[in-house]
Amino acid sequence: SRAVPMFNLPPVLVYPISCSIVPLISAARGQGDTKRVGTIMESSLRTAVLIGAPCALGMTVLARPILSLFFTGAEAIDNAAPLLRLLAPSTFFVCILAVLTAMLQSCGKERLPLVSMCIGAVVKIIGSFVFIHLIGIYGAPVSTFFCYITICSIHLFFVRKHTGLTIKTGTVFVRPIFCAVLCAAAAYGAYFVSSSVLSARLATVVSIAAAIIVYVAAIFLFGAVGEDDIMLLPKGAKLCGILKKMKLLRK
């Protein structure tokens, strides 16, 4: 399906971060620096939310325009758009899952994710049987959503149990998701306005650009991103220096 490649795209942006935190956490644990371990974990989880939330909401509100931007065939796109709209929220949990799995691996609990995955697989199988019977093909993405939210919940339980991580819900989830909602609203509004005067593809590009501008402005305005988060990115130190000069970065 054309919806699946789009679903898999946001997690690709998170995987480099999940790979980079394993040696960082392992080194901090080896030094007995529990504060540093907590800082890395919280920042990496917040970064996953910052990436996953706008992608998930953006693909939900602009499912068909985004598919039209990358694929051809109006009928196939019409069929894939509702599936992507239902599948998109799950990509948020896949992004979180990548980071939580890396946390468990860095703490020597690499077998625990298998437990979560097995339980998630059972949820997926049962969910597919129930929802596909009730609503047809649209039941597949719905069961996928329940599968990933189950895996994430169990992963999070394991992380809190074995690392003692205390998640600040406001800074890790609430602020980034609020900014992502503004991003999605900007994308939908920009497409609604521009599609009346521009071609569908150009209107999609304009709406994505508007969403990015609004999102970047929002995450700095509402303090959804900090120095520790930027340091996890490639060339993080250089980016931090630039943002500090612009007085956009909080500690």
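Colleague: Where is helix H5, and how many residues does it have?

Modeller: Helix H5 covers residues 112-135, which makes 24 residues. Keep in mind that the model is predicted.

Colleague: What span should H5 have, and what does the model give?

Modeller: At 1.5 Å a residue, H5 should span 34 Å. The C-alpha atoms at its ends are 33 Å apart, which agrees.

Colleague: What comes after H5?

Modeller: Gly136 follows H5. The phi of Gly136 is positive, near 75 degrees.

Colleague: Which residues of H5 are buried?

Modeller: They are Leu112, Pro113, Ser116, Gly120, Gly127 and Ser128.

Colleague: And what covers them?

Modeller: The cover includes helix H4 (74-106) and helix H6 (139-163).

Colleague: New topic. How many aromatic pairs does the structure hold?

Modeller: The structure holds 7 aromatic pairs. One of them joins Phe131 and Phe146: their ring centres are 5.6 Å apart and their planes are at 5 degrees, so the pair is stacked.

Colleague: Where do those two sit in the chain?

Modeller: Phe131 is in helix H5 and Phe146 is in helix H6. They are 15 residues apart, and the pair links distant parts of the chain.

Colleague: Is Phe131 buried, exposed or partly exposed? What about Phe146?

Modeller: Phe131 has 23% relative accessibility, so it counts as partly exposed. Phe146, at 38%, also counts as partly exposed.

Colleague: Why is the pair of Phe145 and Phe146 edge-to-face?

Modeller: Because the planes of the two rings are at 80 degrees, and planes over 60 degrees apart count as edge-to-face. The ring centres of Phe145 and Phe146 are 5.6 Å apart. Phe145 has 25% relative accessibility, so Phe145 counts as partly exposed.

Colleague: Which residues do ring pairs link into a cluster?

Modeller: Phe92, Phe93, Phe131, Phe145 and Phe146.

Colleague: Now the surface. Which residues make the nonpolar patch?

Modeller: Leu86, Val122, Ile126, Phe129, Val130, Leu134, Ile135, Ile137 and Tyr138 make it. The patch is about 870 Å².

Colleague: Where does the largest share of that patch come from?

Modeller: From H5, with 6 residues.

Colleague: Let's take one of the patch residues, Ile135. Where does it lie?

Modeller: Ile135 lies in helix H5. Its relative accessibility is 43%, so Ile135 counts as partly exposed.

Note on methods: Residues numbered from 1 in each chain as written. Predicted model: local features only at pLDDT ≥ 70, side-chain atom pairs only at ≥ 80, totals over all residues. Heavy atoms only, no water. Helix = DSSP H or I, 4+ residues; strand = E, 2+ residues; numbered from the N terminus. Expected span 1.5 Å × (residues − 1). Buried < 20%, exposed > 50% of the residue type's maximum accessible area, 1.4 Å probe, protein only. Contact = heavy atoms within 4.5 Å. Phe/Tyr/Trp six-rings, centres within 6.5 Å; stacked < 30°, edge-to-face > 60°. Patch = residues over 30% accessible without salt bridge, like charges linked within 9 Å, V, L, I, M, F, W, Y side chains within 5 Å. Areas by Shrake-Rupley, 256 points an atom, 1.4 Å probe, with all protein chains shown as cover. Salt bridge = Lys/Arg side-chain N within 4 Å of Asp/Glu carboxyl O.
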